[in-house]
Amino acid sequence: MEYVLKTSALGKNYKGFKALNGLSMNIPKGAIYGFVGKNGAGKTTLIRLICGLQEPTSGGYTLYGRENTDRDIVKSRRRMGAVVENPSVYFDMTAVDNLKQQYRILGLPSFDGLADILKLVGLDNTGKKKAKNFSLGMRQRLGIAIALVGAPDFLVLDEPVNGLDPQGIIEIRELILKLNREQQITVLISSHILDELSKLTTHYGFIDNGHIVKEMSAAELEAVCKKCVRVEVSNTKALSRVLDGMEIDYKIVTSKTADVYARVNISQLTAALAKENCEVISMQEREESLESYYVSLVGGGKNA
Amino acid sequence: MRKLLSANFSRLWKDKIFWLCMGTMLVYSVVYMLNGCRQATVDLSEYNYSIDKYYFHFAVTIGAFCALFSSMFLGTEYSDGTIRNKIVSGHTRTGIYIANLVTVFAATLLLMLVWLIGALVAVPVLGVWKTSIPNLLAYLFIAVMFEAAFSAIFTFVCMQSTNKAATVVISVLLLFGLLAFASMAYNALHEPEMTSGVQITASGMEMSEPAPNPHYIRGVTRTIYEFIVDFLPTGQGLKMWQLEINNPVRMLLSSVFIAVMTTLGGIFIFKRKDLK
């Protein structure tokens, strides 16, 4: 598999505080990689490092096959577009002037495609309105528009739907999906809104305390989050014996509860458990969401 | 670098602060020179002043314009976060730093040019320069070089400070600090060697015998003070104001030294700076 970005035991310290602690992640080409973690987990720090805004304290990364220590890493960065935290726009300029400025920074010979980019992000009718008078959503879209100048292959979006209204969130989501499907742009997207991420991403990286606790594809996550029946019994050892005998997939959750990943015949199960002197206290059908899976991975948190 | 300069200059032509500085400089030069015309023809007509007396008076104020403009213009890169676009787009930090320095220097030169053009309003009254053309060009060249030093100093400040308001305050305070330091040294050098007071005697007021001035600086200390005034761009400005340039080579070398060292130091720090 071809990777756009690979990090290897990446570390970043700020005055004794470890923002990143041996972070290793891999972003396949063509993926929409959802980067999930609490506030302060290290998401933005990683994005700052790969954008060249900061240097790692330890470890390293490769961007389009170039090591971060390679002088030519700047050439790889030319294939990137990024919106880090707040959109980087000149507030005293119009949307068109902001884009023209980015065209000049990239040294593009003409402003061809400028109107298309503005149309793509829905800012084609802003006229002479300056960015300082834009709504938060409009600024966010302008930030993405600037990131799209020069037709990047890799788009990095740090919390792109933060503070947006529901309509704005839908628009940004559709834009990202469109860019990924129609222009094959690889996207790294960090977000707190897990349900929103689950509608977009093809791959996930769960980060906690500066390192990746789990990296998986959307298909793998779907398998993990599949429907199950939570069974509460008096003796889980007996339950294990019965379910093993019935060749049913399950997971013991506590000393009295277990998740059973199959449609079970309740009469057969209770009869088999009765033979083992095990009582069934309750049964509940449940489906693990991305949120509950995330909480189980990182142990919960106020800001998740 | 060419791309960054293109982006910087296109922003410069649309920058309100830049045009405000240009307009202020033009009005300042015209009003100042007209006042000079009045002084030269009415109040101080016996001194027979020419345009030379006033033409280089921008030399002290240009530093303030450079400090204000650079901190507002470059500070926007941090306050709006747009410096990130340049780095993410694959530009080196050295390239970004030098492009910003060139832009600030060019803007400062344009501000000086506006003064020089505006000051020509005095020509009909005061006539043309009495000094020789090579001397006039030498003065202009020294001015260009100490503006390069000013630009390098303020670019250094602007590229290290990420808070726009703080950058403006630091730049202006630094300018006034340098100006005060140079003024103290300059004034100390102009203490007379001998002083004579007035004493009242039975026969009326009499001048006392000249006595050595205790504030007169001599020896190594005088050499150091002279070096400080010639070394600092604010000191050079003061000497240019008074048409007292007597060591142009030392001034030029000092400006080059300040510009090169602050730029090398600035790039060194900026390359290691964690940006947000």
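Modeller: Start with H4(B) and H8(B). They pack at an angle of about 35 degrees, and their axes are 9 Å apart. Bear in mind that this is a predicted model.

Colleague: Why give an angle and a distance?
Modeller: Two packed helices are described by the angle between their axes and the distance between the axes.

Colleague: OK. Is the crossing of H4(B) and H8(B) left-handed or right-handed?
Modeller: H4(B) passes H8(B) in a right-handed crossing.

Colleague: Which residues meet there, in H4(B) and H8(B)?
Modeller: From H4(B), they include B:Ala59, B:Ile62, B:Gly63 and B:Cys66. Among those in H8(B) are B:Phe150, B:Ser151 and B:Phe154.

Colleague: And how do the residues of that contact divide by class?
Modeller: The contact of H4(B) with H8(B) has 10 nonpolar, 6 polar and 1 charged.

Colleague: Now H9(B) and H10(B). At what angle do they pack?
Modeller: About 135 degrees, with the axes 9 Å apart. That makes H9(B) oblique to H10(B). The crossing of these two, H9(B) and H10(B), is left-handed.

Colleague: Which residues of H10(B) does H9(B) meet?
Modeller: B:Tyr225, B:Glu226, B:Ile228 and B:Val229 in H10(B). On the H9(B) side, B:Ala182, B:Ala185, B:Tyr186, B:Ala188 and B:Leu189 take part. By class, the contact of H9(B) with H10(B) has 8 nonpolar, no polar and 1 charged residues.

Colleague: What follows H11(B)?
Modeller: B:Leu243, whose phi is positive, near 50 degrees.

Colleague: Let's zoom out. How many helices and strands are in chain B?
Modeller: Chain B has 12 helices and 4 strands. Its C-alpha atoms fill a box of roughly 85 × 45 × 35 Å, taken along the principal axes. Of the 276 residues in chain B, 38% are buried.

Colleague: How many residues of chain B are in contact with chain A?
Modeller: 20 residues of chain B are in contact with 24 residues of chain A. On the chain B side, helix H1 (2–13) and helix H5 (83–88) each supply at least two residues. H1(B) gives the most to that side, with 6 residues.

Colleague: What is that side of chain B like by class?
Modeller: It has 5 nonpolar, 8 polar and 7 charged residues.

Colleague: Last topic, the sheet in chain A. What is its strand order?
Modeller: S12-S13-S11-S14, in an open sheet of 4 strands with antiparallel pairing.

Colleague: Which strands stand at the edges?
Modeller: S12 (250–252) and S14 (280–287) of chain A. Each has a single partner strand, so one side of each is left without a neighbour in the sheet. The twist averages 20 degrees from one strand to the next.

Colleague: Over how many bridges do S12(A) and S13(A) pair?
Modeller: Over 3 bridges, in the antiparallel sense. A:Tyr250 stands opposite A:Val260 in S13(A).

Note on methods
Residues are numbered from 1 along each chain as its sequence is written. Chains are lettered from A and ligands numbered from 1 in the order in which they are written. This is a predicted model: local features need pLDDT of at least 70, side-chain atom pairs count only at pLDDT 80 or more; totals for chains, interfaces and linings use all residues. Two residues are in contact if their C-beta atoms, placed from the backbone, lie within 7 Å. Ala, Val, Leu, Ile, Met, Phe, Trp, Tyr, Cys and Pro count as nonpolar, Asp, Glu, Lys and Arg as charged, and the others, Gly among them, as polar. Axes are lines fitted to C-alpha atoms, for helices over the stretch in contact, and angles run from 0 to 180 degrees between N-to-C directions. Angles under 35 degrees count as roughly parallel, over 145 as roughly antiparallel, 65 to 115 as roughly perpendicular and the rest as oblique. A crossing is left-handed if the near helix is turned anticlockwise from the far one by less than a right angle, and right-handed if clockwise. A residue is buried if 20 or more other C-beta atoms lie within 10 Å of its own, exposed if 12 or fewer, and partly exposed in between; C-beta atoms are placed from the backbone. Two strands pair if DSSP finds at least two bridges between them.
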